[in-house]
Amino acid sequence: MPLLRAAGLGLLLSLSLSLAHASPAVPQNGVDYATLARSQPVQANGAKVEVIEFFMYHCPVCNALEPLLEEWVRKEGDRITVRRIHYPSTGRADPEAHLFLTLEALGRLGDMHAKVFKAVHTDHIRLNKDDVIIDWAAKNGIDRAAFLDAWNSFGVTTRLRQLDKVAANYQVESAPTLIVGGRFLTNPGLLSRQMEGADRADVFKATLQVADKLVDKAAQAK
């Protein structure tokens, strides 16, 4: 299992090289970001650049990055559109990914997305089984019948089965990972390798600085 799926960023930082080599202001392809072998279709119109976050609800790094990412999205404003994709860490029936897709189908990500992170990381509820998730959703203000209808719907189950292929198309192997403009990939793991001894906040800041530059790069190519 890739390191960012299994552990916090502290362990990852022990594998880093040198803070002096970090270059978020002038990111280098193959160092601070990667260019996908094949560009992927985007859902952004006009001058806006699509940014996709691949994440996992149980991932401690994803949880820690979330408030900073939200702040970055607000700062970017009308330059970007944002999509989230839950990485299917346990395969084609990943329960957390199933939860995310169900909330998305119900239009409830706005009020429930943060609650899921809180349930997992603050309340220590293991949302890794279907029945536990369904009970949790019902206890947190979602009509059980409506939730089950969406959970079992053709659209949700089809998208769930396709997530592993989607992740492979974007060359994503860990979370959190950002995809910019359907062409560029960056994540805290790439930046941490350049930042020996840096704390997590600095790695996150550098990651989002690289994302800034990749948004610029993608916008110029439109």
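How many aromatic pairs does the count come to? The count comes to eight aromatic pairs, and keep in mind that this is a predicted model.

**Tyr 33 and Phe 184**
- These two rings make an edge-to-face pair, with 5.7 Å from centre to centre and 90° between the planes.
- Tyr 33 sits in the loop between helix 2 (9–13) and strand 1 (34–35), while Phe 184 belongs to strand 5, so the pair links distant parts of the chain, 151 residues apart.

- Because Phe 55 is in strand 2 and Phe 117 in helix 5 (residues 109–121), the pair ties together parts that are 62 residues apart in sequence.
- Phe 55 is buried at a relative accessible area of 0%, and Phe 117 is buried at 4%.
- Phe 55 and Phe 117 also belong to one aromatic cluster together with Tyr 57 and Phe 100.

**Strand 4 and its partners**
- Side chains in a regular strand alternate between the two faces of the sheet.
- Strand 4 (residues 177–180) has Thr 177 and Ile 179 pointing one way and Leu 178 and Val 180 the other, and all of them are buried.
- On one pairing, strand 4 runs antiparallel to strand 2 (residues 49–55), joined by four bridges, and Thr 177 has Phe 54 standing opposite.
- On another, strand 4 and strand 5 (residues 184–186) run antiparallel with three bridges, and Leu 178 has Thr 186 as its bridge partner.
- Strands 4 and 5 form a hairpin with three residues between them, where Gly 181 takes a positive phi near 65°.

**Helix 10**
- Helix 10 (residues 200–220) has 21 residues, which at 1.5 Å a residue should span 30 Å; the end C-alpha atoms are 30 Å apart, so the expectation and the model agree.
- Buried residues of helix 10 include Val 203, Phe 204, Leu 208, Val 210, Leu 214 and Val 215.
- Thr 207 and Asp 212 are also among the buried residues in helix 10.

Key. Residues numbered from 1 in each chain as written. Predicted model: local features only at pLDDT ≥ 70, side-chain atom pairs only at ≥ 80, totals over all residues. Heavy atoms only, no water. Buried < 20%, exposed > 50% of the residue type's maximum accessible area, 1.4 Å probe, protein only. Helix = DSSP H or I, 4+ residues; strand = E, 2+ residues; numbered from the N terminus. Pairing = 2+ DSSP bridges. Expected span 1.5 Å × (residues − 1). Phe/Tyr/Trp six-rings, centres within 6.5 Å; stacked < 30°, edge-to-face > 60°.
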